[in-house]
Amino acid sequence: YQRRVHGGRIFTRSAVGWPGVQHLESGDFSSVIAAAQELEGFLPNECPEEGSFTMTGFGHKAVLGLADKIVAAVKEGHIKSFFLIGGCDGAKPGRSFFGDMARGVPKDGIVMTLGCGKFRFNKEFESFGDIGGIPRLLDMGQCNDAYGAVQVAVGLRDALSLDDVNKLPLHFGISWFEQKAVAVFCTMLHLGLRNIHLGPTLPTFLTPNVVNLLVEKYGVAAASGDGAELARKLAQHSNNMY
């Protein structure tokens, strides 16, 4: 059914392929662009309402391109904290912790987000506003873009002449839901990142001994309670550390 109805708009490339689906043999995307341009687009009554747009594309190169501006804002006291809030998430109402956390970040804080967890709040892009022209909500992509978030943290560490990423006024809220989050979480631990808030439900394979190790060695904490209140407390801690 999908090939019959959407066949002209589905393309594969590289190692991915499917019978009856157009395959791109090189990096030439002109056929994809042409297919998009042939579509009618949104009708007037189908256009998103005002205020429902969001901005994406804040990969590490784009963000680090603003490093001088961000560092100046930090040193001048306009930016006082950074929050990386993302990971894998589901649709259950009780999993609103990280959306509440993002909304609770004070107006002098920057929220970097990635993974499907961002859909809890990224449609509110315009309400987050900006700090001196720097958007307060930076959508860095999906879980696979976690590398970019790490590069931003390292870049800010160097730009602020610090010797440890953990000395940044940076806080982590990682939404756990499925296996991919394990790889991201383990990568963060391998890099020595500390004070990660993980949840809102912990992986079932974490035994009491493993949990104690994560708490004692890495400062991992469960994401529970009031997410907005936690954001405010962490932001206050940032004011005392930098």
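## Ground rules

Since the model is predicted, local features need pLDDT of at least 70 and side-chain atom pairs count only at pLDDT 80 or more, while totals for chains, interfaces and linings use all residues. Residues are numbered from 1 along each chain as its sequence is written, and side-chain values use heavy atoms, with hydrogens and water left out.

Let's start inside. On a 1 Å grid over the protein atoms alone, a cavity is a set of points where a 1.4 Å probe fits but cannot get out, and lining residues have an atom within 4 Å of a point.

Around it sit Val 63, Ile 70, Phe 82, Ile 110, Met 112, Leu 138, Val 152 and Leu 156. That makes eight nonpolar residues, with no polar and no charged ones (nonpolar means Ala, Val, Leu, Ile, Met, Phe, Trp, Tyr, Cys and Pro; charged means Asp, Glu, Lys and Arg; the others, Gly among them, are polar). Strand β4 (109-114) and helix α7 (146-159) each give at least two lining residues (helices are DSSP runs of H or I, at least four residues, and strands runs of E, at least two, numbered from the N terminus).

## The core

The largest nonpolar core has 59 residues, and Ile 79 and Met 101 have the most contacts inside it. Such a core is a set of buried Ala, Val, Leu, Ile, Met, Phe, Trp, Tyr and Cys residues joined through side-chain atoms within 4.5 Å; buried means under 20% relative accessible area, with a 1.4 Å probe and protein chains only.

Leaving out residues up to four places away in sequence, Ile 79 touches (heavy atoms within 4.5 Å) Ile 70, Ala 73, Val 74, Asp 108, Ile 110, Ile 131 and Ile 134.

## An open space

A pocket is an open set with protein on both sides within 12 Å along at least five of seven lines. Of its 20 lining residues, Ala 146, Tyr 147, Val 150, Val 184 and Met 188 lie nearest the centre. By class, the lining has 14 nonpolar, four polar and two charged residues.

## Thr 12

Thr 12 belongs to strand β1 (residues 11-13). Thr 12 counts as buried because its relative accessibility is 10%.

Terms used: Buried means under 20% relative accessible area, exposed over 50%, partly exposed in between (1.4 Å probe, protein chains only).
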